[in-house]
Each structure stands twice: as C-alpha cells, then as structure tokens.
Amino acid sequence: MKKGNHKHSYFLHKMVQFFYCLSMAFTLELILSIAVIILIAIRYNAVTLGQHVLFWIPIFLTVLLIWIVILNYKNLEFSLPNSLLSALLILKNTNFKMRLFESILSIFIIPIILTTLIIRLLSNYSVPTQEMPIIVEVVFTICFIISLLIYSESTKDEFKRLTRQFVIWFLIFLGFMILTLYQINTYIIEGQMQENMINISIAILGLVLTMVTIIDKARLLYGAIYEKRKDTIIKEIDKEVEKYSIDKFKKILISKYEKISDTFIIIRKDWNSGKKIKVIRIMFIAFLPMIFLAIIFKTEDRINNIMETIVLFLSSNWFRIFKDDKELGTKVLGLLIISGMLIKCIYDLIRNFNKYKVYNNMVYICRILGLLMFMFIILATIFSNIYATIFKYAVILIFVIILILLLLITIIEKIWQKRNKKNNRVNQEEG
C-alpha cells in the first residue's frame with residue numbers, strides 16, 4: 001500500500017496492518033489448534049476442542065503482532081506485511097531446507113560416527129564395563145562440541161557461515177525447548193512443581209537466551225542475504241506487492257459486491273416467480289457452515305467425548321496388534337509415517353525428473369536417502385543380532401553417499417553461480 005504524509009493515509013495504513021494482524025493470527029490459529037489437539041491426543045489420550053482453543057490462541061497472536069506495529073508507530077516506512085514478506089523471501093533464498101538437512105547430518109550424525117570410532121578404539125583396552133556409559137557420554141559430548149564448532153566457524157564464505165550458524169542455533173533452540181517442555185511436564189505429572197521452581201526458571205531463562213541468540217543470528221543473516229541478493233529480492237517483492245496490492249484487493253471487493261448484488265436480484269426474481277422452495281434450499285446451503293459451527297459450540301462436551309472415544313479406540317486397537325507393546329507400536333507408526341514421506345518424495349522425483357535440473361534431482365535423492373537412513377535407524381532398534389548389524393552398516397553407507405552427493409551439489413552450485421555471474425557481466429557489457 002502506498003503511504004502518504006496525510007493523517008488519513010497514516011491512519012488507514014495502520015488500520016490495514018491491524019487487520020493483517022487479525023488475519024495472520026486466525027490463519028496461524030488453525031495450524032496451532034490442530035497441533036495442540038494432536039499433542040494432547042498423543043500425550044494424554046484425550047482431545048479437547050473448545051472456545052479456549054478457538055479464541056485464546058488468535059487473541060494471543062493478535063496481541064503479539066499488534067505490539068510490533070505499535071512499537072513502530074512513528075516509523076512511516078514500517079510495514080509489518082512487507083517485513084514478513086521480505087523475511088519469507090530471504091528465507092526462501094537461503095535454501096533453508098537443504099541447509100537444515102545438511103546441519104542435522106553434520107552436528108548429529110558425524111559426532112555419532114566419531115564417538116563410535118573412538119569407543120571401538122577404547123574397546124581394545126581394558127575399560128571397566130560399568131564405566132563405559134559415562135565414557136560414551138563424555139566422548140559424544142566432546143565430539144558434538146567439536147563438530148558444532150567446525151561446522152559453524154570453519155567456512156570462509158560469510159553468507160554460508162551465517163546461514164549455518166542460524167540453522168544450528170535454530171536446531172539447538174528446538175531441542176532445548178522440547179527438553180524444557182518435557183521436564184516441566186514431568187514435574188506437573190509427579191506433582192513437584194513447587195519444589196523445582198528454580199530449575200524450571202533456569203530452564204526457561206536458558207530458552208529465552210537461546211532465542212535471543214537466534215534473533216541475533218537471523219538479523220546478521222538477513223543483512224548478508226539482502227546485500228548479496230538485493231536485486232532479486234526487490235524484484236520478487238515488487239511482483240508479490242503487485243499481485244496482492246490494496247488496489248487489486250479493492251477491485252476484488254467491488255467485483256464480489258457486484259456478484260452478491262446480482263445474486264440477490266436473481267433470488268428475489270425466483271422468489272417472486274414462485275420458486276420459493278428453491279430459494280429456501282439455496283439459503284440453507286449458504287448458511288450451512290454457520291449452522292454447523294453453532295452445533296459444535298452447543299454440543300462441545302459431546303464432541304469432546306466422541307473424539308476422545310475415537311482416539312482411545314484407535315490407539316488401543318493399534319497397540320493391541322503389537323500385544324500392548326507401546327514402544328514397538330510407536331516405532332512402527334514412525335516407520336509408516338516415514339514410508340509415506342518416502343513414497344511422496346519418490347513420486348515427486350519420478351514425475352518431475354525431466355523438468356528439474358541436475359541440482360534439484362540430486363537434492364531430492366538426498367531427501368530420499370535421508371528418509372531411508374532414518375527408516376534403517378528405527379529398524380535397527382526393532383530387530384536384533386545380524387539384522388540390526390545390517391541396518392547399522394546400511395545407515396553408515398547411506399550417510400557416506402549423502403555426504404558425497406552434498407559435496408557434488410556444493411560444487412555444482414558454485415559452478416552455476418560463476419556461470420550466472422559471467423552471463424550477467426556479459427549482458428551488462430552488451431547493454
């Protein structure tokens with residue numbers, strides 16, 4: 001939206017941002033509500049749908065977003081939609097998914113391999129069996145820290161270094177948040193909240209400090225990407241702004257209003273011509289979603305009981321297949337989910353193989369191999385003896401192949417970047 005110096009323009013600009021905050025909050029609320037329901041269903045074998053989920057989450061999110069707008073009320077150039085759009089496009093230009101996959105391999109899988117090699121070396125010496133678990137923990141911690149430092153600091157390219165640092169801190173934050181929530185949940189179940197308030201406060205403080213570090217890394221990465229790919233990002237922003245400008249929104253509203261007006265004219269003609277049953281049927285279908293929501297709110301307790309019964313029925317019957325072995329049932333469920341993702345990736349690769357470039361096909365192959373690796377890791381924990389050993393060696397082999405592919409992808413990416421720079425230089429000279 002074009003901004004002006006007049007008071008009405010300033011007021012309208014802020015009102016658009018407030019409505020944007022509301023729309024964002026209610027959109028995110030749908031995703032968060034589903035996530036909350038699934039987590040409650042998994043953890044407590046119960047489902048709670050109600051007004052507190054449907055209304056408090058968007059209100060909370062709206063307050064947070066509007067707070068950002070209020071903090072920048074004097075800045076006429078600030079636009080929350082534009083800022084979030086810029087952040088989204090910059091995240092898109094970082095190839096975040098690939099960096100995330102690469103980071104997981106580098107800071108988790110490599111320490112496991114290094115730890116395994118060191119423990120195999122130590123097994124040649126007479127190490128007491130009772131001390132081995134402590135030694136494994138210490139060795140893994142040291143290997144993890146070394147891998148973390150090498151991966152995040154040993155890259156000369158500033159852009160790649162900042163990207164890796166941001167992704168690493170993002171993963172650390174996620175892991176730390178899961179551990180904190182698990183710890184708090186354990187204290188709640190065991191009724192030890194009062195006794196462990198200091199531990200909980202320290203864990204939450206650590207979570208906040210980690211978030212501050214992520215924000216700092218994100219700010220540095222934002223600046224680096226914007227400087228490096230400024231022209232591309234500005235073009236993409238202009239394209240999106242043209243597609244979703246306020247003027248286009250006004251045209252859509254006017255066209256919708258004209259369609260609604262025409263619809264009411266047709267309905268009135270049908271009613272006057274004696275087609276009353278047809279009009280009533282159309283109005284009933286139009287108001288059916290509102291009727292459905294009203295029924296949900298009126299029968300909230302019954303719906304909760306029905307959904308809880310369904311969840312308990314499905315979970316009990318699923319675990320009954322594995323003779324109430326919940327660990328095995330959970331692992332098999334994980335295998336089925338990964339298998340679905342694997343089939344989807346293979347289908348996308350086959351369907352788009354000729355459309356994609358070599359680089360994109362190799363990225364898809366890496367994803368497929370990564371999913372296979374996770375499948376074999378789970379299978380190694382399910383089976384024993386020779387089968388577990390086979391799956392473990394398969395994991396190592398796949399990991400080596402992925403590393404080779406990542407190296408090739410990096411080389412191809414650099415070649416294409418040099419080629420693009422050369423082509424741009426030639427075009428500029430010709431122009």
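This is a predicted model: local features need pLDDT of at least 70, side-chain atom pairs count only at pLDDT 80 or more; totals for chains, interfaces and linings use all residues.
Mentor: Residues are numbered from 1 along each chain as its sequence is written, and side-chain values use heavy atoms, with hydrogens and water left out.

Trainee: How many aromatic pairs does a search of the whole structure find?

Mentor: The search finds three. Rings of Phe, Tyr and Trp (its six-membered ring) pair if their centres lie within 6.5 Å; planes under 30 degrees apart count as stacked, over 60 as edge-to-face and the rest as tilted.

Trainee: Why is the pair of Phe 140 and Phe 144 called stacked?

Mentor: Their ring centres are 6.3 Å apart and the planes lie at 25°, so the pair is stacked. Phe 166 and Phe 170 also form a stacked pair, with 6.4 Å from centre to centre and 25° between the planes.

Trainee: What separates Phe 166 and Phe 170 along helix 6?

Mentor: These two residues are four apart in helix 6 (residues 158-190), and therefore about one helical turn separates them. Helices here are DSSP runs (H or I, at least four residues), as are strands (E, at least two), numbered from the N terminus. Likewise, Phe 140 and Phe 144 are four residues apart in helix 5 (residues 132-153), which means a separation of about one helical turn.

Trainee: How do you know whether Phe 166 is buried or exposed?

Mentor: Buried means under 20% relative accessible area, exposed over 50%, and partly exposed in between (1.4 Å probe, protein chains only). Phe 166 has 12%, so this residue is buried. Phe 170, at 27%, is partly exposed, and Phe 140, at 30%, is partly exposed.

Trainee: What makes helix 13 roughly antiparallel to helix 14?

Mentor: The axes of helix 13 (residues 326-352) and helix 14 (residues 358-382) come within 10 Å and cross at roughly 160°. Axes are lines fitted to C-alpha atoms, for helices over the stretch in contact, and angles run from 0 to 180 degrees between N-to-C directions. Angles under 35 degrees count as roughly parallel, over 145 as roughly antiparallel, 65 to 115 as roughly perpendicular and the rest as oblique. The crossing angle therefore makes helix 13 roughly antiparallel to helix 14.

Trainee: Why is Ile 112 classed as it is by relative accessibility?

Mentor: Ile 112 lies in helix 4 (residues 96-122). Its relative accessibility is 42%, so Ile 112 counts as partly exposed.
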